[in-house]
Amino acid sequence: MEHTFWEVAPSPEACGVPSGAILRLITELEETAQTMHGFLIVAGGRVAAEGYWAPFHKDRLHRLYSVTKSVVSLAVGRLADEGRLSLADRAADFFPEKMPDAPHPYLLDTKSGYCPTTAFFSTAWAANSHFVTPKRI
């Protein structure tokens, strides 16, 4: 697969990732009926493995929901480890021109800063969860 950010390794082993471990992961996911869209394994700054389950593919957009918090937490942790920011820094200080009047204060707080939606309290939950614009708290 072509990537614009990471170099693709010639094999998982070139990144120190055993191919057998990836195959065991895929088997486990399929045998336990996990609903997966895909996976991307990056090691040593290179793509060690990537795969998708139909109908998903690399270029298909889909909702990420709470996985974004994990990705942001990883990035913030690395930046903090490098001394480039502190866990007490305010997100608004990094993007002042993008912030609303009452920005959410902390980088790793799991609150969205939006009012709860009616997604689970309405018979039209699917439409609400995909098409209702959230309101800020």
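I looked up valine 67 to begin with, and it counts as partly exposed because its relative accessible area is 42% (buried is under 20%, exposed over 50%, partly exposed in between, with a 1.4 Å probe and protein chains only). The model is predicted, so I kept in mind that local features need pLDDT of at least 70 and side-chain atom pairs pLDDT 80 or more, while totals for chains, interfaces and linings use all residues. Residues are numbered from 1 along each chain as its sequence is written, and side-chain values use heavy atoms, without hydrogens and water.

I placed valine 67 in helix 2 (helices are DSSP runs of H or I with at least four residues, strands are runs of E with at least two, numbered from the N terminus). After helix 2 I found glycine 83, with a positive phi near 75°.

I next checked histidine 62, which lies in the loop between strand 3 (46–52) and helix 2 and is partly exposed at 35% relative accessibility. I noted that its C-alpha atom is 9.0 Å from that of histidine 37, although 25 residues separate the two along the chain.

Last, I traced the open sheet, where three strands run in the order 1-3-2 with mixed pairing (strands pair if DSSP finds at least two bridges between them). Strand 1 (7–8) and strand 2 (38–43) are the edge strands, each pairing on one side only. Strand 1 pairs with strand 3 in the parallel sense over two bridges, and I found valine 47 of strand 3 as the bridge partner of valine 8.
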